[in-house]
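Dear colleague,

Please find below the structure that I am handing over to you. My notes on what was found in it follow directly after.

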Amino acid sequence: MLEAQELACLRGERAVFAGLSFRLAPGEALLLVGANGAGKSSLLRLLAGLLRPAAGTVLWDGADTFADRAAHAARLRYLSHQDALKPALTARENLAFFAQLWGGETATALAALDLLPLADLPARVLSSGQKRRLALARLALAPLRQPAPLWLLDEPTVGLDAASVTRLGGLLARHRATGGMVLAATHLPLPLPGARELRL
Ligand SMILES: Nc1ncnc2c1ncn2[C@@H]1O[C@H](COP(=O)(O)OP(=O)(O)OP(=O)(O)O)[C@@H](O)[C@H]1O
């Protein structure tokens with residue numbers, strides 16, 4: 001169970017949000033919506049442990065996530081709005097790096113986002129939607145050794161074609177069916193049936 005209690009966020013000198021509380025149980029999904037600058041990306045960074053709240057706490061099964069940042073990092077996958085790819089490495093090599101860290105099958109993950117035909121191209125030559133698919137393919141590594149129940153996704157569908165959005169929808173559904181949780185910031189429709197909405 002993830003629980004945010006009375007969170008406040010400061011960026012620079014500016015208060016972005018305050019008094020934010022919510023809970024997320026296994027299998028649930030939360031869509032973060034709101035205007036540009038409302039604080040959606042900031043909230044995801046805060047939940048990922050990359051930014052400290054100005055006030056309030058983030059709890060995992062009742063324990064403060066900042067008390068053991070390594071344990072928290074190991075239970076989550078954070079996809080920022082940047083794709084975080086090494087341009088000189090091929091698509092397969094980019095994913096293999098994360099497979100070594102987390103476990104999971106590179107070929108299976110490539111197939112999940114229909115990237116096998118592009119697997120041996122350097123990431124720098126991929127189109128922007130193809131790069132986004134490669135970033136998302138990390139979610140499909142599905143390692144048994146170190147499963148990550150909490151997925152934090154910042155604008156995951158930007159640049160994706162309709163077929164890729166459907167593939168991502170399948171990935172999200174399978175994750176939730178096995179007790180995974182999803183928090184996604186988006187301005188676009190996202191295939192997350194039954195998701196609650198948190199407006200910032
Ligand atoms: N490193 C930073 N230093 C100072 N202010 C920042 C920093 N990062 C973000 N901000 C400010 O924090 C506020 C929230 O930004 P954030 O990126 O969380 O918004 P968002 O809701 O994700 O926006 P968008 O819909 O445009 O992606 C904005 O006003 C932004 O200018």
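Which residues of α3 are buried? In α3, the buried residues are Ala91, Asn94 and Leu95. A residue counts as buried if 20 or more other C-beta atoms lie within 10 Å of its own, as exposed if 12 or fewer do, and as partly exposed in between, with C-beta atoms placed from the backbone. Helices (H or I, at least four residues) and strands (E, at least two) are DSSP runs, numbered from the N terminus.

The model is predicted: local features need pLDDT of at least 70, side-chain atom pairs count only at pLDDT 80 or more, and totals for chains, interfaces and linings use all residues. Residues are numbered from 1 along each chain as its sequence is written.

Helix α3

The buried residues Ala91, Asn94 and Leu95 cover an arc of only 90 degrees around the axis, which puts them on the same side of α3. The arc is that of the directions from the helix axis to the C-beta atoms. An α-helix has 3.6 residues a turn, so residues three or four places apart point the same way. The buried residues of α3 pack against α4 (106–112) and α5 (128–137), where a contact requires C-beta atoms, placed from the backbone, to lie within 7 Å. The twelve residues of α3 (residues 91–102) should span 16 Å at 1.5 Å a residue, and the end C-alpha atoms are 17 Å apart, which agrees. The expected span of a helix is 1.5 Å times one less than its number of residues. Just after α3, glycine 103 has a positive phi of about 90 degrees.

The two domains

The domain assignment of the protein gives domain 1 (1–75 + 149–200) and domain 2 (86–145); such bounds come from an automatic or database domain assignment. The centres of the two domains, taken over C-alpha atoms, are separated by 23 Å. Ten residues of domain 1 are in contact with ten residues of domain 2. On the side of domain 1 that touches domain 2, helix α6 (residues 162–177) gives the most, with four residues. By class, that side has six nonpolar, two polar and two charged residues. Here Ala, Val, Leu, Ile, Met, Phe, Trp, Tyr, Cys and Pro count as nonpolar, Asp, Glu, Lys and Arg as charged, and the others, Gly among them, as polar.

The nonpolar core

A nonpolar core is a set of buried Ala, Val, Leu, Ile, Met, Phe, Trp, Tyr and Cys residues joined through C-beta atoms within 7 Å. The largest one has 49 residues, of which Ala137 and Val182 touch the most other members. Strand β8 (residues 181–185) supplies the largest share of this core, with five residues. Domain 1 and domain 2 both give residues to the core, so it lies between them. Leaving aside neighbours within four places in sequence, alanine 137 is in contact with Leu95, Ala109, Leu110, Ala112, Leu113 and Leu115.

Helix α6 and histidine 175

Helix α6 has 16 residues and reaches 23 Å from its first C-alpha to its last, close to the 22 Å expected at 1.5 Å a residue. Its buried residues are Arg167, Leu168, Leu171, Leu172, His175 and Arg176. The buried residues of α6 pack against β3 (29–33), α4, α5, β7 (150–154) and β8. Histidine 175 counts as buried with 23 C-beta neighbours inside 10 Å. Not counting residues up to four places away in sequence, histidine 175 touches Trp151, Gly180 and Val182. Histidine 175 and alanine 142 are 33 residues apart in sequence and 8.8 Å apart in space, C-alpha to C-alpha. Just after α6, glycine 179 takes a positive phi of about 90 degrees.

In helix α1 (residues 40–47), six of the eight residues are buried, namely Lys40, Ser42, Leu43, Leu44, Leu46 and Leu47. Glycine 49, which follows α1, has a positive phi near 85 degrees.

Most residues other than glycine have a negative phi, and most peptide bonds are trans. Alanine 84, in the loop between β6 (76–79) and α3, has a positive phi near 55 degrees. Glutamate 155, in the loop between β7 and α6, has a positive phi of about 50 degrees. Alanine 84 is partly exposed, with 13 other C-beta atoms within 10 Å, and glutamate 155 is partly exposed with 19 C-beta neighbours inside 10 Å.

With kind regards

Conventions. Contact = placed C-beta atoms within 7 Å.
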